[in-house]
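Hi,

Here is the structure I said I'd pass on.

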Amino acid sequence: FRKKRGNIYHQLALYFIKRYTMMSLKEIGVEFGMDYAAVSQSCKRLEELVKRDESALRMKTMVEKELRN
C-alpha cells in the first residue's frame, strides 16, 4: 500500500515553512513525520504543479498574499 501523493494542502504547508522560516529540511521533516528528502521532493512537486495548474497557482498566491499581510 502506498501513501497518496499530491495533497496540495500538505505540500503548501511544507513549501511555506521551508520558504518563510529558518527551519532545516530535517527539522521540517521531524514535525511532519517525514524524512528531509521527502520534504524537498514535496516542495519541488508543488513548484512543478504550480507551473501547469492554474488553480494550484491561485491557491499558492492567495496563501502567500495572506502570509505577507
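On the H1 side, Ile 8, Gln 11, Leu 12, Leu 14, Tyr 15 and Lys 18 meet Val 39, Ser 42, Cys 43, Arg 45, Leu 46, Glu 47 and Leu 49 of H3 (contact means heavy atoms within 4.5 Å; helices are DSSP runs of H or I, at least four residues, numbered from the N terminus). Sorted by type, the residues of this contact are eight nonpolar, two polar and three charged (Ala, Val, Leu, Ile, Met, Phe, Trp, Tyr, Cys and Pro count as nonpolar, Asp, Glu, Lys and Arg as charged, the others, Gly among them, as polar).

This is a predicted model, where local features need pLDDT of at least 70, side-chain atom pairs count only at pLDDT 80 or more, and totals for chains, interfaces and linings use all residues. Residues are numbered from 1 along each chain as its sequence is written, and side-chain values use heavy atoms, with hydrogens and water left out.

The largest nonpolar core has 12 residues, including Ile 8, Leu 14, Phe 16, Ile 28, Val 50 and Ala 56 (buried nonpolar-type residues, namely Ala, Val, Leu, Ile, Met, Phe, Trp, Tyr and Cys, joined through side-chain atoms within 4.5 Å). Helices H1 (8-20) and H3 (36-52) are the elements giving two or more residues to this core. Leu 14 touches Ile 28, Phe 32, Met 34, Val 39, Ser 42 and Cys 43, leaving aside residues up to four places away in sequence.

Then there's Lys 60, in helix H4 (residues 54-68). Lys 60 is buried, at 14% relative accessible area (buried is under 20%, exposed over 50%, partly exposed in between; 1.4 Å probe, protein chains only).

Cheers
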